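Hi everyone, thanks for coming. Please have a look at the structure on the screen, and I'll walk you through a few parts of it.

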Amino acid sequence: MAGELSKMKMYISGEWVEPASGDYFETVDPFTAKPWALVPRGNSADADRAVRAADRAFREGPWRSMHPSERGRLIHRLGSLIEEHADSLAEIEVRDNGRLLAEMRHQIRYIPKWYYYYAGLADKIEGVVHPCDKPALSYSRPEPLGVCVGIVPWNAPLLLFSLKAAPALAAGNTIVMKPAEHTSATALKLMELVELAGFPPGVINVVTGFGKEIGEPLVTHPLTRHVGFTGSTATGAHLYSLAARDVKRVSLELGGKSPNIVFDDADLDNAVRGVVGGIFGATGQTCIAGSRLLVQRRIHDQFIEKLSAFSAAARVGDPRRAETQIGPIANSMQYDRVLGYIDIARQEGASLVLGGKRPALAECENGFFIEPTIFTGVKNDMRIAREEVFGPVLSTIIFDDQEEAVAIANDSEFGLAAGVWTSDMKRALRMSEQLDAGSVWINTYRDISYTTPFGGYKKSGLGRENGVEGIREYLQTKAVWLST
Ligand code: NAD
């Protein structure tokens, strides 16, 4: 079987290369549960080759001496090529991670905005002249860091790749990216567009494989200067400690257990749509999933009834069909993990009001499908309210007043995002100040933009992506003194 599948290649220093080990692994379509291609199983030798290539391109290649506007032009060109090829990239992404085709088309058509935005910033990175108290001209200039390693997960592979690649390149760095082992195809496909755009060899490299085997050697490589990681808090904390040994810069975009808080004065129909989109969108596999629903007591029963009816009507099935609203879980390990959490919630005494199992539909027989699942009667100290499930499982907690809502929302080791549903804008603004979260959405949920900083409080992360703050992660400041 494996022999019939096509083999992908890694992209290092402008060349398509086989893994040093000669080993490959299967990438599986979550809808059919069948492998569709073979991915190179990279190891430390490949990591070394890629980081050295990026380092050479940074020190010796034309990239560094190029005027920033020229670098911006190349980044912009890559954005246009993604726009041109968005639909075919979306099809590949769906094959790898099972997200809805319509949603992936929409997402990938939006990705070029990151490239355009940071292309425009490339020649606007300016220094400062300081009012110095010595007989000297003293000024500071922002400079790139060198080789930046980006490690990303499988839930939005090309988007999360681009959130790191676009600002790192615009700042003048060179990059080595490692997609998640389950979803390597679009990052490699993108390298065909990098060639077409005309990037110098070694500026953008992509290696593939498993975290321990190639991810860690990238992080610990002595020539790596920055590690940008998106993934679980456990892995992020581990990589943070590895990077600390060599005092490398890191940015971490990690997990969440975000509260979605519905007050009794909210527009309930709007809130139902927001809560459903927040937890069942992407089959619950987003870091910002609104996985804890906090509902004010007076409207609890009415809200749960509306929410269950709306969620039960969601069409689960083939991610390529236009009518489908909820696709499969991205891989078998994650499927078992989500079912495991549903069992835990039951054992902890939460009440299952919807879902909790594989849908009884012929179309869902083979893939990794789980029904949209809602628990009520959850207490905030239960595991189902504290740990990230990363699947379509909503935990409902009752609160009485604003103070209690804030206390429950903030009683979490995570602080990625929060939603507030109310018609009282004074309360909404007060809540936005009180919630420990990197993003607070009021009467909306899951909005992100290339213009607006995104990142986590507490164990949800370190540093910010997007906007002007996003490019600062990839710059360091040099002070220059000129005797006068
Ligand atoms: P993960 O931490 O297991 O893996 C993420 C990436 O890290 C993969 O590429 C993996 O190969 C690599 N990796 C794993 N172990 C490694 C190691 N020891 N050394 C180097 N690399 C290693 O996470 P996952 O389960 O694939 O992704 C889901 C997690 O990602 C969730 O916790 C989710 O909340 C988080 N996430 C966060 C954001 C955000 O922006 N905050 C966005 C999307 C996903």
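Averaged over the chain, pLDDT is 96, and 99% of the residues score at least 70; pLDDT is the predictor's confidence in each residue, from 0 to 100. For the complex, the predictor gives an ipTM of 0.96 and a pTM of 0.95. So that you know the ground rules: this is a predicted model, where local features need pLDDT of at least 70, side-chain atom pairs count only at pLDDT 80 or more, and totals for chains, interfaces and linings use all residues. Residues are numbered from 1 along each chain as its sequence is written.

Let's start with E253. Under "active site", UniProt lists E253, in an unreviewed entry. UniProt positions follow the numbering used here, feature names are shortened, and annotations may be inferred rather than shown by experiment. E253 sits in strand β11, residues 249–253. Helices (H or I, at least four residues) and strands (E, at least two) are DSSP runs, numbered from the N terminus.

Is E253 buried or exposed? It counts as buried because it has 27 C-beta neighbours inside 10 Å. The cut-offs are these: buried means 20 or more other C-beta atoms within 10 Å of a residue's own, exposed means 12 or fewer, and partly exposed is in between, with C-beta atoms placed from the backbone. Beyond its neighbours within four places in sequence, E253 is in contact with T230, C287, G455, G456, G461 and E465. Contact means that the two C-beta atoms, placed from the backbone, lie within 7 Å.

Next, G42, in the loop between β4 and α1. G42 is buried, as 31 other C-beta atoms lie within 10 Å. Setting aside neighbours within four places in sequence, the contacts of G42 include M10, P19 and V207.

Now to helix α4, residues 86–97. How many of its 12 residues are buried? The count is 9, so α4 is largely enclosed by the rest of the structure. Among the buried ones are L89, I92, E93 and R95. The cover over them includes β3, β4, α3, α5, α7 and α8. The ends also fit: 12 residues at 1.5 Å each should span 16 Å, and the end C-alpha atoms of α4 are 16 Å apart. That expected span is 1.5 Å times one less than the number of residues. Just after α4, G98 has a positive phi of about 75 degrees.

Let's turn to a sheet. This open sheet has 7 strands in the order β14-β15-β16-β13-β12-β18-β19, with mixed pairing. Strands β14 and β19 stand at the edges with a single partner each, so one side of each has no neighbour in the sheet. Strands pair if DSSP finds at least two bridges between them. β12 and β13 pair in the parallel sense over 4 bridges, and P259 stands opposite R292 in β13.

Finally, helix α13, residues 332–348, lies across β14, β15 and β16, at about 30 degrees to β16. Axes here are lines fitted to C-alpha atoms, for helices over the stretch in contact, and angles run from 0 to 180 degrees between N-to-C directions. In α13 we find D336, which is exposed, with 11 other C-beta atoms within 10 Å. D336 and F368 are 32 residues apart in sequence, and their C-alpha atoms are 9.0 Å apart in space.
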